[in-house]
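Here are my notes on the model you sent over, as numbered points. Have the viewer open while you read.

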Amino acid sequence: NVWLSPMGCALSTLHITIPLHSNLGQRIPFIQHLVSLAVVESVRSIPGYEDIELRVKWPNDIYYSDLMKLGGVLVNSTLIETTFHILIGFGFNVNNSNPTICINDLITKFNKEEGTKLKPLTADCLIARTVTVLERLIDIFQEKGPNGILPRYYKYWVHSGKRVRLRGEDGPTAWIVGIDDYGYLQVHEEGKGVESVHPDGNSFDMLRNLIVPK
């Protein structure tokens with residue numbers, strides 16, 4: 001893969017520490033979900049911008065509706081004694097229409113369709129808002145666990161009721177129902193109930209083929 005950082009992107013690396021013996025420390029995969037949600041809420045929590053069609057795609061992508069990627073999150077964690085040191089890299093298109101689409105394109109489209117006059121946003125503003133929202137989401141997760149966050153996450157994710165294939169291109173069909181307490185995707189395969197799965201890393205689209213952990 002090639003890393004691109006055109007002008008107009010919001011790109012940032014954040015270092016946080018999480019105690020091992022805490023709600024989030026026991027569920028570190030949730031970090032990427034919290035960051036993705038924070039990016040979306042950094043826009044959609046601004047008065048007037050609530051209906052900008054920015055969404056999260058499990059496990060770590062930012063999407064325009066379910067059509068096009070405009071950002072992503074990478075998380076690296078290191079455990080030192082009883083503390084996780086987390087490096088979070090996140091980037092999303094704010095004012096660059098290429099190589100895909102950007103947030104200000106969505107705002108322009110919304111203004112034309114709805115007759116509004118929402119102003120374009122800046123990368124520095126959205127990075128700051130993302131970090132602020134993330135701090136709040138971490139506090140909520142530490143206090144209440146996954147159930148404190150999941151209703152907000154599902155509000156913005158793109159997967160409800162979508163179909164996937166298990167174990168390979170010709171594998172059985174299953175339907176996405178949510179994510180479990182550890183951040184893995186939950187699917188319902190007819191006749192077999194709900195199972196937790198994770199992506200097959202060799203898939204071009206990580207939601208085409210999923211494998212069931214043993």
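Predicted model: local features only at pLDDT ≥ 70, side-chain atom pairs only at ≥ 80, totals over all residues.

1. Overall layout. The chain has 214 residues, and 46% of them are buried. If you take contacts between residues at least 6 apart in sequence, 54% join residues at least 24 apart.

2. The five-stranded sheet. Five strands make an open sheet in the order S1-S5-S4-S3-S2, with antiparallel pairing. S1 (9-19) and S2 (54-57) are the edge strands, each with pairing on one side only. From one strand to the next, the twist averages 20 degrees. Helix H3 packs on this sheet, where it touches S1 and S5 (83-93), and its direction makes about 25 degrees with that of S1.

3. H1 against H3. How do the axes of these two helices cross? Helix H1 (residues 30-44) and helix H3 (residues 123-144) have axes that come within 8 Å and cross at roughly 130 degrees. The pair is therefore oblique, and the crossing is right-handed. On the H1 side the contact includes Phe30, Leu34, Val35 and Leu37, and on the H3 side the residues include Leu126, Arg129, Val133 and Phe141. By type, the residues of this contact split into 13 nonpolar, two polar and two charged.

4. The S2-S3 hairpin. S2 and S3 (residues 61-64) pair antiparallel over four bridges, and three residues sit between the two strands of this hairpin. For landmarks, Lys57 is opposite Asp61, and Arg55 is the bridge partner of Tyr63. As background, most peptide bonds are trans.

5. Asn60, in that loop. Is this residue, Asn60, buried or exposed? Asn60 sits in the loop between S2 and S3, and its relative accessible area is 14%, so it counts as buried, the cut-off being under 20%. Setting aside neighbours within four places in sequence, its contacts are Gln32, Ser36, Gly72, Val73 and Leu74. Asn60 and Val75 are 15 residues apart along the chain, with 9.1 Å from C-alpha to C-alpha.

6. S3 and its other partner. In a regular strand the side chains alternate between the two faces of the sheet. In S3 both faces are covered: Asp61 and Tyr63 are buried on one side, and Ile62 and Tyr64 are buried on the other. S3 also runs antiparallel to S4 (residues 68-80), with four bridges joining them. Tyr63 has Lys69 as its bridge partner in S4, alongside the bridge to Arg55 already noted.

7. Two positive phi values to check. Most residues other than glycine have a negative phi. Ser65 has a positive phi near 50 degrees. Ser65 lies in the loop between S3 and S4, a hairpin with three residues between the strands. Glu81 also has a positive phi, near 55 degrees, and is placed in the loop between S4 and S5. What about their accessibility? Ser65 is buried, at a relative accessible area of 17%, whereas Glu81 is exposed, at 74%.

8. Strands S6 to S8. Further along, S6 (residues 163-166) pairs antiparallel with S7 (residues 173-179) over three bridges, and Arg163 has Trp175 as its bridge partner in S7. S7 in turn pairs antiparallel with S8 (residues 185-189) over five bridges. Within that pair, Ile176 stands opposite Val187. The hairpin of S7 and S8 has five residues between the strands, and Gly183 takes a positive phi near 95 degrees there.

Note on methods. Residues numbered from 1 in each chain as written. Heavy atoms only, no water. Axes fitted to C-alpha atoms, helices over the stretch in contact; angles between N-to-C directions. Parallel < 35°, antiparallel > 145°, perpendicular 65-115°, else oblique. Left-handed = near helix turned anticlockwise from the far one by under 90°. Contact = heavy atoms within 4.5 Å. Nonpolar A, V, L, I, M, F, W, Y, C, P; charged D, E, K, R; others polar. Pairing = 2+ DSSP bridges. Buried < 20%, exposed > 50% of the residue type's maximum accessible area, 1.4 Å probe, protein only.
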